[in-house]
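Please keep the sequence and the 3D view at hand while reading.

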Amino acid sequence: MKKPEPDTLSREQLNPIVFLTGIFFFNMLSRLGMAPLLPDIKIDLALSHSQAGGLFFLISSGYCISLFGSIFLTPRFSHRHLIIASGLAVGISLLAAAASQGVVMLQAGMVCLGLAGGFYLPSGVASLTGLVSRHHWGKVLGVHQLAPNLAYIIAPLAVSLFAAWHHSWRMVLVVYGTASLILAITYAARGKGITDRTDPPGLKIFATLLHTPAIPIIAVLFILGMGLNQGVFVILPLYLVFERGIDPETTNIMLAVSRVVAFGMPLAGGWLADRFGPRPIILSALFLSALGTFFMGWLPGTWVWLALILQAGAGVCVFPLCFAIMAMVTTPQIRPVAVSVVVPLAHFLGSGLVPFGIGILAETGRFNIGFAVLGGVTFLCLPLIRMLKKQS
């Protein structure tokens, strides 16, 4: 008889999981950390709402290119080497952006930042799912997803701290870039990882993905989750400061508090998915997050706090569940390819076009319409979850 899977992870498994989660944290902080800096950057460089939101469109564009391009690199380089290269490139890109003296140089730095960050995710997910058995994927990917949630919290608090010390937004980028370089060098010297390489992305792999019915649905869920999380988060500082008239310090506190509430939700969602299956948990998370997003532009005064907490707390559960389903319906050989195809599309539309589109609506005084459209589209897409077959 097959030996049952243990309910706990060994210390040998936990150490690399914690290390990879730390690397993912700085990878996310480098990009999410730009959001609370937008009001200062907007004033310093005299940007419009659409130009400020467009910075994340540039980051997402670069991220999508490198994320998709990683499918041609993983057959030639090990996952460990690509993780190290991503950390080093993120640090260099941030230092270059901090030294920019004009809008064009900053925009170029944002593209490079996105290009640098995209190499991590396929190799990171492949490493995580290769370190533990399938029985633990929901919990492990939930732990991994704590990294961006911590970045959501640290980003606004760090900006407030540096503002109290009278440092500019450039110094924040210098600190983030230096930390990313140090972590990448440390991981190269002491970290353990998966040294496997994936198969070359031939037509057979793409055909397998196209004939996997769950993949297009998972892609839609990723897009919605990305829009509700990163897409809304990166535009919120502009909305709260310039539309609601809330001072930057209070705005940063609001953003941090909402993400503190959401911090443990991915782990809880992963545990519930392992127990009850991912479909009902994804459905609940998307519904609640869309509800908060829809009312964010309409609730008066401090009631916006409730919408912000609901939107953030529920939305962060989507990603680990989508990754778990993707891992279930793909083999280890094509799993990084699936991530490299689905996630770039989600980033381009969710974290790129969503804030850019809301920024364009903001130019005409319709910030609230942008939030309502995103929430409404999510409601309309919820029936797709019923089409997902149960995965064993």
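In which helix does Ser123 lie? Ser123 is part of helix H6, which spans residues 120-131. The model described here is a predicted one.

Ser123 has a relative accessibility of 1%, so it counts as buried. Apart from neighbours within four places in sequence, Ser123 is in contact with Thr74, His79, Leu82 and Ile83.

Leu121 also has its place in helix H6. Its relative accessibility is 4%, and Leu121 therefore counts as buried. Not counting residues up to four places away in sequence, Leu121 touches Phe24, Tyr63, Leu67, Phe323, Val339 and Val343.

| Pair | Separation along the chain | C-alpha to C-alpha distance |
|---|---|---|
| Leu121 and Leu67 | 54 residues | 7.5 Å |
| Leu128 and Ile17 | 111 residues | 6.7 Å |

**The buried side of H2**

Which residues of helix H2 are buried? In H2, made of residues 38-45, they are Leu38, Pro39, Ile41, Lys42 and Leu45. These residues span an arc of only 165° around the axis, so they lie on the same side of H2. An α-helix has 3.6 residues a turn, so residues three or four places apart point the same way.

The buried residues of H2 are covered by parts of the chain that include helix H3 (49-69), helix H5 (103-117), helix H9 (169-190) and helix H11 (214-243). Just after H2 comes Ala46, which takes a positive phi of about 55°.

**H14 and its two partners**

Two packed helices are described by the angle between their axes and the distance between the axes.

The axis of helix H14 (residues 278-296) comes within 7 Å of the axis of helix H15 (residues 304-315), and the two cross at roughly 150°. Angles over 145 degrees count as roughly antiparallel, and H14 and H15 are therefore roughly antiparallel to each other. H14 passes H15 in a left-handed crossing. On the H14 side, the contact is made by Ala285, Leu288, Ser289, Leu291, Gly292, Thr293, Phe295 and Met296. On the H15 side, Val304, Ala307, Leu308, Leu310, Gln311, Ala314 and Gly315 take part. Sorted by class, this contact of H14 with H15 has 10 nonpolar, 5 polar and no charged residues.

How do the axes of H14 and helix H16 (residues 318-329) cross, and within what distance do they come? They come within 10 Å and cross at roughly 150°. H14 and H16 are therefore roughly antiparallel to each other, and their crossing is left-handed. Pro278, Ile281, Ile282, Ala285 and Leu286 of H14 meet Val318, Leu321, Cys322 and Ile325 of H16. By class, the contact of H14 with H16 has 9 nonpolar, no polar and no charged residues. Ala285 is named in the contact with H15 and in the contact with H16.

How values were computed:
Residues numbered from 1 in each chain as written. Predicted model: local features only at pLDDT ≥ 70, side-chain atom pairs only at ≥ 80, totals over all residues. Heavy atoms only, no water. Axes fitted to C-alpha atoms, helices over the stretch in contact; angles between N-to-C directions. Helix = DSSP H or I, 4+ residues; strand = E, 2+ residues; numbered from the N terminus. Parallel < 35°, antiparallel > 145°, perpendicular 65-115°, else oblique. Left-handed = near helix turned anticlockwise from the far one by under 90°. Contact = heavy atoms within 4.5 Å. Nonpolar A, V, L, I, M, F, W, Y, C, P; charged D, E, K, R; others polar. Buried < 20%, exposed > 50% of the residue type's maximum accessible area, 1.4 Å probe, protein only. Arc of directions from axis to C-beta.
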